[in-house]
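Have the structure open beside you and try each task before reading on.

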Amino acid sequence: MGRTLQNTMINLGLQNACDEAVYQLGLDMEELEEIEEDAGLGNGGLGRLAACFLDSMATLGLAAYGYGIRYEYGIFNQKIRDGWQVEEADDWLRHGNPWEKARPEYMLPVHFYGRVEHSASGAKWIDTQVVLALPYDTPVPGYMNNTVNTMRLWSARAPNDFNLRDFNVGDYIQAVLDRNLAENISRVLYPNDNFFEGKELRLKQEYFVVAATLQDIIRRFKASKFGSTDSVRTVFDSFPDQVAIQLNDTHPAMAIPELMRIFVDIEKLPWDKAWDITKRTFAYTNHTVLPEALERWPVDLVEKLLPRHLQIIYEINQRHLDHIASLFPNDVDRLRRMSLIEEGDTKRINMAHLCIVGSHAVNGVAKIHSEIVKTQVFEDFAELEPEKFQNKTNGITPRRWLLLCNPGLAELIAEKIGEDYVRDLSQLTKLHEFVDDDLFIREVAKVKQENKVKFALYLEKEYKVKINPSSMFDVHVKRIHEYKRQLMNCLHIITMYNRIRRDPAKLFVPRTVIIGGKAAPGYHMAKMIIKLINAVAQVVNNDPMVGSKLKVIFLENYRVSLAEKVIPATDLSEQISTAGTEASGTGNMKFMLNGALTIGTMDGANVEMAEEAGEENLFIFGMRVEDVTELDRKGYNAQVYYDRLPELKQAVDQIKSGFFSPKDPNLFNDVVNMLFHHDRFKVFADYEAYVKCQEKVSELYLNSKAWTKMVIRNIAAAGKFSSDRTIKEYARDIWHVEPSDLKIPPPNEPRDAGQDKTPNGTAA
């Protein structure tokens, strides 16, 4: 979520008033804002996407709730020591959190372990261990519409009789100390992005948030006029018309068997009825196609932790496979491919398959990604129910990612086209009229230059590096992962360095290359990549032959509040994943909206950005998905590129020989070995096209006016990438709710009784 103070002031229309009031108290608002800790309760794009969605849902007046875990320790703080990443705990609650309100009155029990007893009256899950879920509510204000939604985060608490109710009378002290075991569930965020780690505590976290949330939703449904009871039993027929639940990746997939357990075991609905309601309630968003990221939980772990849920999953699978078998008799391989259970050394549950079977809608997060989902990853399922599969291209909130982080640009745009674009970003197309307006061109360039100077001062203060604000700011910030190809950027840096040293007199367009992002603590290759970037920076930044022509900076502890500083100052946005690997990306959109040009592959939302702005207004290079597929068919041989390209050979040889690590010449052996022998992401195959494309970037940068005109064309085409547009599509195509642009009257004005009614009462 990042910081909350400035976002709240903006959405409430109070920023100027607060700035002035604080100034009159002899304080500086910007200094105050820097004191607030980021809430870093997610890993990368998927978590930040949820935050943008919450802002858009409130701004569109949807009755929506964001549910998650109140981690005591969020994503780790990254320190760089001697060029290596070192992790520190993110004790973000140390000074308290003024935005949250604990709601003990809504505390709920969550059960683990135990066993299942079957009787004539149905299944009973008994002898369980109980953990309490304590909700904390954070307000989510819409933009200037007097709507405030709720983000509800659950914290784990041990019940007061924990470890004291059984024969354990003897050791009272130990029993109280053991309360930590239960409360560890919400202690810390698992720091993996795009990688599955099948740990018991992680599965506990996933079930914890799901079980608490579903109880909360059902309590709210029963309390509403729709949850009418015929004397004893609640009628759940209208449940899917009143409730929509969107699964953000497979992490909350246990919600499907959990809702079935509630309906069948507790509410005593017949299976078929319960399954129909469940399917119509859930929808699933897929966020990645990387096989190592797909959740596959071992059956024996689920059996130990959630025995009843395993039985329900088996039953879902049996009925699912019976259905497939009736449509495709004797096709055993299809049954194996489509089963929720994967056979092997250890039997595993494929959570994506569970989500697809248990949802009425499945979507990818960019056109190209949704196609890959349909035609490759889940092709058997799409063949069966093509109408279930959709696309919903991701977006970003223009409130945080323009108004808040780039007030200079936001104001400049408002002067030209009015202020309405903040709630309807498609209006940015009006800027096309000004693409040849010399004054506007100069003003856009001036805002960018001011942002660069401000960021340069920040870097000087934080990193003690002097950088040239008129150099091109070439920025690559995102999680460190092989598929995102920070290594390819690194090879380009080395190539530029070698060119400067080969011909120091030749004209060189000065660059400051800024790379930032966290590596998962257990991801060895990603940590080596960080070390390599820092080793290269050490050499480049201290070579007198290079001077101010080329500087390399690794941005420590990349997070939302740092993104808000670096993105408005960026000239060139690096979006260089291997085609077919980045589901969407959202950083790409933030840079586009803030006046950077994009160098990128035809991957994720880059494809749609090029479609909107015109491919000639982005620096597109490299293999397309078809080329990657073809290269896989032929077999990728890295050696061929190394032998054919002298500059690539030189750069790789320098890494290999210890030119960047003289004290330990073999330091980067693992990296070099990977690049030659098991590089799934084909860095060498795109190197030549990348370097040539970068030459075109430098050439355009020399012509400030032409560069800025291209920037304006990009900003004018960025409207599609508002999360308001994304959420309107979810609301229309999946949740079946109507956004309302009605501004609720402020609390000090009386309102008619009629205005209390929402046109459509569904909650997402």
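**Exercise 1. Find which residues form one aromatic cluster with Phe239, and describe one ring pair in it.**

Step 1. The aromatic cluster consists of Phe221, Phe236, Phe239 and Phe263. Rings of Phe, Tyr and Trp (its six-membered ring) pair if their centres lie within 6.5 Å; planes under 30 degrees apart count as stacked, over 60 as edge-to-face and the rest as tilted.

Step 2. The model is a predicted one, in which local features need pLDDT of at least 70 and side-chain atom pairs count only at pLDDT 80 or more, while totals for chains, interfaces and linings use all residues. Residues are numbered from 1 along each chain as its sequence is written, and side-chain values use heavy atoms, with hydrogens and water left out.

Step 3. Searching the whole structure gives 23 aromatic pairs. In one of them, the ring centres of Phe239 and Phe263 are 5.7 Å apart and the planes stand at 90°, so this pair is edge-to-face.

Step 4. Now place the two residues. Phe239 belongs to helix 8 (residues 239–242) and Phe263 to helix 9 (residues 255–266), so the pair ties together parts that are 24 residues apart in sequence. Helices (H or I, at least four residues) and strands (E, at least two) are DSSP runs, numbered from the N terminus.

Step 5. Both Phe239 and Phe263 are buried. Buried means under 20% relative accessible area, exposed over 50%, and partly exposed in between (1.4 Å probe, protein chains only).

**Exercise 2. What kind of pair do the rings of Tyr636 and Tyr641 make?**

Step 1. Their centres are 5.9 Å apart and their planes meet at 35°, so the pair is tilted.

Step 2. Tyr636 and Tyr641 are both buried.

**Exercise 3. Is Glu258 buried or exposed, and which residues is it in contact with?**

Step 1. Glu258 sits in helix 9.

Step 2. With a relative accessible area of 1%, Glu258 is buried.

Step 3. Contact means heavy atoms within 4.5 Å. Setting aside neighbours within four places in sequence, Glu258 is in contact with Tyr207, Val210, Ala211, Leu214 and His309.

**Exercise 4. Describe how helix 27 and helix 28 meet.**

Step 1. Two packed helices are described by the angle between their axes and the distance between the axes.

Step 2. Helix 27 (residues 646–657) and helix 28 (residues 669–677) have axes that come within 8 Å and cross at roughly 145°. Axes are lines fitted to C-alpha atoms, for helices over the stretch in contact, and angles run from 0 to 180 degrees between N-to-C directions.

Step 3. On the helix 27 side, Val652, Ile655 and Lys656 take part; they meet Asn669, Val672 and Phe676 of helix 28. These contact residues divide into four nonpolar, one polar and one charged. Here Ala, Val, Leu, Ile, Met, Phe, Trp, Tyr, Cys and Pro count as nonpolar, Asp, Glu, Lys and Arg as charged, and the others, Gly among them, as polar.

**Exercise 5. How many residues of helix 1 are buried, and what covers them?**

Step 1. Helix 1 (residues 5–12) is mostly covered, with six of its eight residues buried.

Step 2. The buried residues are Gln6, Asn7, Thr8, Met9, Ile10 and Asn11.

Step 3. Their cover includes helix 2 (15–24), helix 3 (29–33), helix 4 (45–59), strand 8 (129–141) and helix 17 (398–404).

Step 4. Just after helix 1 comes Gly13, which takes a positive phi of about 70°.
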